[in-house]
Structures are given as C-alpha cells and as structure tokens.
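I opened a new page to keep track of what I look up in this structure. The entries follow the order in which I checked things.

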Amino acid sequence: MRRGEGIIGLGEVLRIETCGADRVADAAREWQRVAASADVDDRVGLPGSGLVAFGAIAFADESAATSVLVVPEIVLGRRDGRAWVTRIELVDGASAPPPAPVELPAPAPKRDVPRVRFAPGSMPPEAYTGAVGEAVRRIDDGRFEKVVLAREIVGTLHEDAGLRAALAKLADDYPDTWVFAVDGLIGASPETLVRVDHGTVSARVLAGTASRGRDAASDRAQAARLAASHKDLAEHALAVESAVATLAPHTARLDASPEPFTLQLPNLWHLATDLKGTLGDGSSSLDLVRAVHPTAAVAGTPRNVALAAIAELEGFDRGRYAGPVGWVDADGDGEWAIALRCAQVSTDGTVRAYAGCGIVHDSVPADELAETDMKFRPIVEAFGAPPPSPPVP
C-alpha cells in the first residue's frame, strides 16, 4: 500500500519457493507457467487487478532465507478512485465448479501496537563502527568505491495479532512509502526498485541521508546541507549510475531526473532520483528485478567486490532485508520496492529488524551508526519500542 492505494491478499492458493543464485529466474519461469495456464477474468484493468502473486526475494545468493511468490485466495484492491475484489482458486481442469460467493472477513477492532523490546543482534554498535572503519580503510586502499553495511536488532513478539496494528501504524505514519507485509516480512520502504506498467518502466533511487531538523528553519538547513554534501552526492551518483547501467539494456528510452532532489520523510531526508523509460525487449517486472538487484544503494560499487565485503564485514545473513518485495501480475507487470525500514517476523515470534548505510571514502563510523538509529525508527516505533534519541543537527 502507498498513499491509501494498493492491494491486500488474504489466504493462500499457491506458493512458489526458490533459493540460490537463480532464485529470481526460477521464480519468473514458474510464474510464467502458472500465468499461462490461468483463466483470468479481469474487468478492472488496473495495476494489481486480475491474477497476482506477492513476492519477497532474499538479498544474497547464498542466503538461507527462502524467496517466495504467494498467490492469495482473495485480493482487495484500491487505485485511482476504484476498488475491487479478485478471487483466485485452483481447479482440476476437468470442469470448474460455479464460483462461490466472495466472503470477506469481518473487520476486527483496532488494536494497540504490540510491545517488542529490541536488543542488539550479531552486529552490536561497537562491532558496526569497527566494520565501518575497516570498510573506509579498504576504500582508501582502492579495493572498492562504496559498500553498504547493515546491522540488526532482535526482539520477540508475543501478541498473535500484533502485525496488523504494526502495519496500520506504518501506513499512518509513513504514507508516502511502500508499506508491505509478505510472508512475515513487514516494513515501509521509501525506495522503488522497479515498476512495470504496460511497457513503461520506472524506479526511484535513494542514497544520501540526513536527519530532520528540530524546527522549520533547521529542517530547511538540513535539507540544504544534504543537497550540497560532497559525500552524499558522491554516494548518490554511484547508486544512480548503477541503476541506469542495469536498466538501460532493457529499455528503448530511459530518462533520469536532471539533478537529485531531497525527499522528505517524517524522520529523515534522502537524496532521490527518479528514472522513467520505455521497455524495449519485452522484459517482465521479475526480469528487471533480476537485472537490477542488488543495486549500489544496498550493496555498493563495484557490485561483486562490495557483496564479498558485506559477507565478510557484516557477519550475518541479511535474509530478505534489502531484497526485492512487491507483486507481479499475469502479464508480468508489477511493482517492486527494496525491503528497507523492515523486519522479518518468524513463526516463533522472533523479530529481526535491519538498517544499513552506504560507506564511502569520507564516512565517519559514529555518524553512520547514528544514521542506522534513524533508519530503525519506523520499525521499532511500529512495534511499540521507544524511538532512538535524534542526533543534534
């Protein structure tokens, strides 16, 4: 959901699970087979109507986390002032039974957000600043230009229905982000990885961050400093260059914002660049997900060297954090965000939240640690934890 528009799936008709280096390609191939055999009656014709699958893809090739496409039984959609219900069912192919009436669950009373106490995970603050310092040394040695390093915090969810309240708070507090919940992965991402709609492709690249000010004047000053920051502009340029290089081969035309703009979120500022183009090779949204993931905004530059450094310096499995999360329809169109400002909730109630920063030549370890605290804020507040103290601008 974003700005009150999007799709919500209920139940599960079909699940496609993949893993390893070919996880996106395998999912795309299996989804194409499913879509080709489906009988679709879509009289709405808006993005997200008809047959859809919700997806969450692991960040790394070697991750132990499973990548999934989940086809729900019922989809509730709302877009451009229209709302719809889609029912999806499996049939044996002999003779389909008459469609049953759509039964929607009764509204549940609004609940308070769950109370989760978070503690440092396998990358505590002192280990994180050490990893940042080592990354800067390697950058200065010329091994790579940028690497994105993350850390995790861990808590336990005791309330069975807590996720609904947490999601509602994310949607209320961060309406301009992509609020998502797929197979236990929940969050509010400000970054569009790729969107495909009837031959048009778009993306939003974010890199470069600053805290919000304490009042209107200091807030404007923070945005101005970010827009003029050599460190943040350099980090952002690497992310845009990476996105353009991976999308361009699939497009007949690709345009980018002439200059980065400052994107305002409730708790921070980002440097942002929008990309928009026309597909030139008939790629599906999953094909483009495969091409662009992982971007420099969540991995680094050069990609393969940065990925190796992440595996060594972080020391934990990111799971689906910073991976693609979104949906795909029967035609291959879809919307995919990068799973940021997020947490993975396991069946045993374990909640793992993640936040990371782009490390470049002039990164300061203490500053990067403070930035991760800012980025943790949406998810820890959604789970009822007190927000970290904001840094003084």
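**Loops, sheet, core and cysteines**

I began with Pro302, which sits in the loop between β16 and α7 (303-314). The model is a predicted one, and I keep that in mind for every entry. The peptide bond leading from Thr301 into Pro302 is cis, with omega near -15°.

Pro294 belongs to the loop between α6 (285-292) and β16 (300-301).

Next I turned to backbone angles. Ala322 has a phi near 70°, which is positive although the residue is not glycine. I located Ala322 in the loop between α7 and β17 (324-329). Is Ala322 buried or exposed? Its relative accessible area is 1%, so I noted Ala322 as buried.

His198 also has a positive phi, of about 50°, and is not a glycine. The loop that holds His198 runs between β11 (192-197) and β12 (200-211). I noted His198 as exposed, because its relative accessibility is 63% and the cut-off for exposed is over 50%.

**Sheet**

I traced an open sheet of three strands, in the order β1-β5-β6, with antiparallel pairing. Why does one side of β1 and of β6 lack a neighbour in the sheet? β1 (6-10) and β6 (82-87) are at the edges and have a single partner strand each, so one side of each stays without a neighbour there. From one strand to the next the twist averages 15°.

I followed the pairing of β1 with β5 (residues 74-79), which is antiparallel and covers five bridges. Leu10 lies opposite Ile74 of β5.

**A single strand residue**

I looked up Thr251 and found it in strand β13 (residues 251-256). Thr251 counts as buried, at 14% relative accessibility. Beyond its neighbours within four places in sequence, Thr251 contacts Val201, Thr278, Leu279 and Gly280.

**Helix α5**

I checked helix α5 (residues 230-247), which has 18 residues. From first C-alpha to last, α5 reaches 26 Å, close to the 26 Å expected at 1.5 Å a residue. I listed its buried residues, among them Lys231, Asp232, Glu235, His236, Leu238 and Leu247.

**Core**

The largest nonpolar core has 81 residues. Which of its members touch the most other members? I wrote down Trp31, Leu69, Val147, Leu149, Val194 and Ile359. Another core lies apart from it and has 20 residues, including Leu170, Ala355, Phe376 and Phe383.

Leaving out neighbours within four places in sequence, Leu149 is in contact with residues including Tyr128, Ala131, Val132, Ile310, Leu313, Cys357 and Ile359. Glu314 and Arg318 are also among the contacts of Leu149.

**Cysteines**

How many disulfides does the structure hold? I found zero. Cys357 is in no disulfide, and the nearest cysteine sulfur, that of Cys342, is 14 Å away. The cut-off for a disulfide is a sulfur pair within 2.5 Å. Cys357 is buried, with a relative accessible area of 0%. Cys19 counts as exposed, at 54% relative accessibility.

Notes:
Residues numbered from 1 in each chain as written. Predicted model: local features only at pLDDT ≥ 70, side-chain atom pairs only at ≥ 80, totals over all residues. Heavy atoms only, no water. Pairing = 2+ DSSP bridges. Helix = DSSP H or I, 4+ residues; strand = E, 2+ residues; numbered from the N terminus. Axes fitted to C-alpha atoms, helices over the stretch in contact; angles between N-to-C directions. Core = buried A, V, L, I, M, F, W, Y, C linked by side-chain atoms within 4.5 Å. Buried < 20%, exposed > 50% of the residue type's maximum accessible area, 1.4 Å probe, protein only. Contact = heavy atoms within 4.5 Å. Expected span 1.5 Å × (residues − 1).
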